[in-house]
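Please walk through this structure one element at a time, with the cut-offs behind each term stated along the way.

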Amino acid sequence: GLICSRCNKSYALSMRSDICIQKQKCYHGYFLWIFLIGISVSQAFCLMFQNELLYFYSIFWTICQYLKVAMLKLIKFKRKSSVEQIRPKQDIKLIMKTKLKALLDFPISDIWMMVVYHLQDISLLHNVPIGTEFRSFLHQTKSQVQKIAQLSIISFENICLFNASAITKLALSMFNVPCICFIYFFVWASSKITKNMGCNFNLGFISAHLVYGILMLAIYAQQKVASTAFTLISCVPVLDQLRLHIDGEILCWQPWQINIFMLIFLIIAPVPFVFLLGPAMLDKNLISAKQFLFALLFPVPFLLHWIILLKVNTMSKNTGVKTENGHAVLSEQPSIKVKTESVATILGELTSAYDHKYSKYFCWVGIIEIRRLVLVLVDKFIANEISRYSMLLFTLSMALVFELLFKPYKYSFVYFVNILCFLCQEGVVTINCFIIAFSFMNNMYKRFEFPTETIFTLRYVEDILSTWVPFCILILSLCLKLAKRLLICLKCQGRHVL
């Protein structure tokens with residue numbers, strides 16, 4: 001087994017779990033690197049074309065058109081006049097204003113983001129079963145679904161690391177993030193080379209999808225990078241010495257840990273504030289899309305520059321001073337030229353789901369990222385389980401109250417899904433608090449024995465709340481959007497159709 005995050009000489013550490021298996025049954029070496037690069041390439045292109053993958057139901061629109069033509073040929077009806085065959089535009093507007101249309105009018109990408117946020121957060125809220133071996137199908141599937149949402153590498157049990165520790169495994173689990181960044185740089189460089197060579201190629205299409213992929217990578221990988229960095233500096237006292245929590249043989253505050261601490265302070269922690277301030281400034285043309293994307297890599301200097309810009313812009317509006325002859329004072333008509341397609345891609349993803357009365361000043365995605373960063377801090381640095389879960393429950397409750405007070409979402413169905421995810425997360429934390437409390441009573445009082453079947457039942461409920469309820473909501477959303485497509489398809493043309 002795994003002792004102090006090390007395996008015996010004849011065993012190797014599995015990439016999928018904390019299990020040591022025999023080296024003879026392992027795949028390693030070149031196969032491991034080919035596997036990691038293949039996973040990274042597939043994730044990179046899935047992020048770039050996420051919208052196309054989500055809106056797959058638009059295929060049914062084309063199918064519906066062919067079916068409608070076929071039905072028109074089979075059904076015999078009398079044509080009274082050409083005016084009666086086509087509905088007037090007023091009838092279409094009346095259909096669009098119905099309550100059913102209002103219910104179906106939400107972007108599926110926003111529901112997807114809510115589910116991804118939930119699956120990433122839920123990995124911080126559940127605990128390893130105490131004293132029991134919980135290997136149900138729901139539990140195993142839940143762990144794989146959560147890895148997909150976290151951009152983690154889904155591995156097999158027999159893919160191993162020879163002579164490696166938990167730190168090496170943790171570093172390899174982050175391999176896909178820099179690899180995806182390199183792929184995006186390669187795509188950008190290739191597009192520039194083809195443009196200079198004069199090739200007729202749709203560079204606007206590549207540029208928009210590349211910006212979208214970088215944005216999705218920053219959103220999806222933020223919590224994973226923060227959790228990994230905090231894990232590498234999380235220490236526990238062992239025999240009057242501070243040692244690394246995941247590897248008890250390593251003393252804390254090595255030079256590489258100090259570098260990670262500086263990385264957290266300068267890059268990881270300020271990134272949520274880039275999402276908080278950047279979209280509003282991008283909408284006002286105070287910054288460009290390129291500046292916003294570079295701010296995701298080097299947030300501190302850009303944030304300081306943005307604060308100065310906001311201060312100068314506020315002073316210019318209060319005093320009525322306008323910019324003339326290229327002076328540094330900002331005016332209501334900015335001089336920065338932006339790429340409309342890139343800006344529309346960023347603003348469409350970050351602000352389209354939220355109320356405009358908030359997006360004028362800040363972006364709600366930044367508040368979500370700050371809340372998720374607080375969850376990571378609580379999970380990594382509060383060692384006592386009762387205190388940790390109590391603090392997690394308090395943080396989620398405060399965030400839920402915040403959401404109920406401000407109601408930032410534009411679409412009612414997206415707001416409903418968000419509240420449901422909050423309730424599921426609080427239910428998962430409550431279940432873990434019960435299990436830990438019962439285990440504590442069982443250790444303190446030998447006569448008290450909590451039945452294992454009850455723990456299994458609670459674990460099943462936890463799996464349903466953590467994974468399957470949001471997954472069913474996502475499937476329901478896709479079905480509703482498909483129903484909307486079919487409804488428009490059947491109603492948009494003649495009264496006699498079907």
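The buried residues of helix H13 are Val-271, Pro-272, Val-274, Phe-275, Leu-276, Leu-277, Gly-278, Pro-279, Ala-280, Met-281 and Leu-282. Buried means under 20% relative accessible area, exposed means over 50%, and partly exposed lies in between, with a 1.4 Å probe and protein chains only. Eleven of the 13 residues of H13 are buried, so the helix is largely enclosed by the rest of the structure. Helices (H or I, at least four residues) and strands (E, at least two) are DSSP runs, numbered from the N terminus.

The model is predicted: local features need pLDDT of at least 70, and side-chain atom pairs count only at pLDDT 80 or more, while totals for chains, interfaces and linings use all residues. Residues are numbered from 1 along each chain as its sequence is written, and side-chain values use heavy atoms, with hydrogens and water left out.

H13 covers residues 271-283, and at 1.5 Å a residue it should span 18 Å; its end C-alpha atoms are 19 Å apart, which agrees. The expected span is 1.5 Å times one less than the number of residues. A kink of about 30° lies at Leu-277, shortly before Pro-279. The bend at a residue is the angle between axes fitted to the seven residues ending there and the seven starting there. Just after H13, Asn-285 takes a positive phi of about 65°.

Another positive phi, near 55°, is found at Leu-239, in the hairpin of strands E4 and E5, which has two residues between the strands. E4 (residues 235-238) and E5 (residues 241-244) pair in the antiparallel sense over four bridges, where pairing requires that DSSP finds at least two bridges between two strands. Within this pair, Pro-237 stands opposite Leu-242.

Leu-242 also belongs to a nonpolar surface patch of about 700 Å², together with Trp-253, Ile-258, Phe-261, Met-262, Phe-265 and Leu-266. Patches are made of residues with over 30% relative accessible area and no salt bridge; like charges are joined within 9 Å, and nonpolar side chains (Val, Leu, Ile, Met, Phe, Trp, Tyr) within 5 Å. The areas come from the Shrake-Rupley method with a 1.4 Å probe, and for residues only the protein chains shown count as cover. Helix H12 (residues 255-268) supplies the largest share of the patch, five residues. Phe-261 has its place in H12 and is partly exposed, with a relative accessible area of 42%.

How many salt bridges does a search of the whole structure find? The search finds six, a salt bridge being a side-chain nitrogen of Lys or Arg within 4 Å of a carboxyl oxygen of Asp or Glu. One of them joins Arg-371 to Asp-121, with the closest N and O atoms 2.9 Å apart. Arg-371 lies in helix H18 and Asp-121 in helix H7 (residues 108-122), so the pair ties together parts that are 250 residues apart in sequence. Both residues are buried.

Asp-379 forms a salt bridge with Arg-388, the closest N and O atoms being 4.0 Å apart. Asp-379 counts as buried at 18% relative accessibility, as does Arg-388 at 11%.

In helix H21 (residues 452-491), Arg-459 and Glu-462 are three residues apart, and are therefore separated by about one helical turn. Their side chains meet in a salt bridge of 2.4 Å, N to O. Arg-459 counts as buried at 2% relative accessibility, and Glu-462 at 1%. Elsewhere, salt bridges that share partners join Asp-121, Glu-369, Arg-371 and Arg-372 into one network.
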